[in-house]
Amino acid sequence: MLEALSKFGAADAIDIALVSILFYAGASVLRRTRAALVALGIGLLGIVYLTANWFALGTTSLVLQGLFAATGLAFVVIFQDELRQACEELAAWAIGRHDDHRPKLDSSEVLVGALARLAREKVGALVVLTGLQKLDRHFQGGEVLGGEISAPLLDSLFDPSSDGHDGAVILEDRLVSRFGVQLPLSKNLERLPGTGTRHSAALGLAERTDALCLVVSEERGTISAAANGQLHEIQSEDELTSIVNYFFRQQRRLAAPRPLAQRIFRDRLIEKAAALGLACALWLLLAVTRGA
C-alpha cells in the first residue's frame, strides 16, 4: 500500500477525479429513481470480484467475469432511462446548471385550486406530474390531448359523466398530454388502508418512477400525494402548493452557469465526499492488486 501511494502522480489524481464525478452522477440519478437496490447489488458483486482478484481466487473471478459479460446487455436495456439521466446529470454538472427556484408549472395555482374544488365537491381525480423518467411503458389506454392546463379543462376531464373520469390525467409542463390513463396498481396493501383504486394506482406509479401523483378521494373529499414510493394525505391548499412547487424545483435546471468552485463546494457535500472516498478506495485497491 505504501509503495502504491509513493507512486501517486497527476495522472492518478485525474483518474480519481473522473471516477468521483461518475459516481456522483450515478448517485444523483439513484436519488430520483427506484434502481438503488439493484445498483447496490451490482456494486456488492463488483466488490466481491475485486476481492477475489486480490486474493487470487481464480474460479470465483472467472465465474463473475462470465456473469458480468452475460448481464451487460441486459443492464443497458433495463436501465436505459437511468443511464440517460446519468449522462444528463453529468452534462448539467459540467456546464454549471442548477435547480430553478421558480416552479416549472407556472400555472400551479390553477392546478391546486382545481383539485381543492374537486375535493370540496367530492369528485374523484388522479393527476400525474411527470418527472425526469419516461412513463409511457407504465401506461395503459387513455387518449392523447395536448391541451393547456385550465380549471374548466380539469373539471370536464374529471366530470363523473366523462369517459375518462376513472383514469389518470398526465401533466407535462403546462400541458395535459393524456387523460383516461390506467396506471399500475401497488401491491403494498399496508400503505393503502381505507383507500380505493385511485390511491393504489397513484402509489403504484410512485413506486416505479419519479413522478408525483395527486389523488382526490370522492368518498372522503381529501387530497393525497404519492411520491418516492410513499403516500400521504395533504392537510391544506398551502401544503399542496408547496409540494407541487418543490417537485418542479427538483426537476428543473437553469441555463446560467455557476463558477466551478461553487459547483464543487456547495450542495450535497456528503454525497460528493462519499463519491470521492469510494473512488479513492477503488483506486487504492486496484493499485495494490496490480502491485501484487
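Modeller: Happy to, and let me start with a definition: buried means under 20% relative accessible area, exposed means over 50%, and partly exposed lies in between, with a 1.4 Å probe and protein chains only. Keep in mind that this is a predicted model, where local features need pLDDT of at least 70 and side-chain atom pairs count only at pLDDT 80 or more, while totals for chains, interfaces and linings use all residues. Residues are numbered from 1 along each chain as its sequence is written, and side-chain values use heavy atoms, with hydrogens and water left out.

Biologist: What makes Trp54, Phe55 and Leu57 a nonpolar surface patch?

Modeller: A patch takes residues with over 30% relative accessible area and no salt bridge; nonpolar side chains (Val, Leu, Ile, Met, Phe, Trp, Tyr) are joined within 5 Å, and like charges within 9 Å. Trp54, Phe55 and Leu57 make such a patch of about 330 Å², with areas from the Shrake-Rupley method and a 1.4 Å probe, where for residues only the protein chains shown count as cover.

Biologist: And how does the whole chain look?

Modeller: The protein chain has 11 helices and 7 strands, and 38% of its 292 residues count as buried. Its accessible surface is about 16100 Å², with 62% belonging to carbon and sulfur atoms.

Biologist: What makes helix H8 largely enclosed by the rest of the structure?

Modeller: 10 of the 12 residues of H8 are buried, so the rest of the structure largely encloses this helix. Among the buried ones are His199, Ala202, Leu203 and Leu205. The buried residues of H8 pack against strands S1 (125-129), S5 (212-216), S6 (223-227) and S7 (230-234), a contact being heavy atoms within 4.5 Å.

Biologist: How do you know that the span of H8 is close to the expected one?

Modeller: The expected span is 1.5 Å times one less than the number of residues. For the 12 residues of H8 (197-208) the expected value is 16 Å, and the helix reaches 17 Å from its first C-alpha to its last.

Biologist: Why is the contact between Arg117 and Asp155 called a salt bridge?

Modeller: The term asks for a side-chain nitrogen of Lys or Arg within 4 Å of a carboxyl oxygen of Asp or Glu. Arg117 and Asp155 meet at 3.0 Å, N to O, so the pair qualifies. Arg117 lies in helix H6 (residues 108-120) and Asp155 in helix H7 (residues 151-157), so the bridge ties together parts that are 38 residues apart in sequence. Arg117 is partly exposed at 23%, and Asp155 is partly exposed at 27%. The whole structure holds 5 salt bridges.

Biologist: What makes Arg198 buried, and which residue is its partner Glu218 joined to in a network?

Modeller: Arg198 has 13% relative accessibility, and buried means under 20%, so the label holds. Arg198 forms a salt bridge with Glu218, with the closest N and O atoms 3.7 Å apart. That pair links Arg198 in helix H8 to Glu218 in the loop between S5 and S6, 20 residues apart. Glu218, at 34%, is partly exposed. Salt bridges that share partners join Asp166, Arg198 and Glu218 into one network.

Biologist: How many disulfides are there?

Modeller: The structure holds 0, a disulfide being a pair of cysteine sulfur atoms within 2.5 Å. Cys213 is buried at 0% relative accessibility, whereas Cys280 is partly exposed at 33%.

Biologist: Last one: why is Gln230 called partly exposed?

Modeller: Gln230 has a relative accessible area of 43%, which falls between the 20% and 50% limits, so partly exposed is the label. Gln230 lies in strand S7 and touches Arg191, Leu203 and Ala225, not counting residues up to four places away in sequence. Gln230 and Leu203 are 27 residues apart in sequence and 6.8 Å apart, C-alpha to C-alpha.

How values were computed: Helix = DSSP H or I, 4+ residues; strand = E, 2+ residues; numbered from the N terminus.
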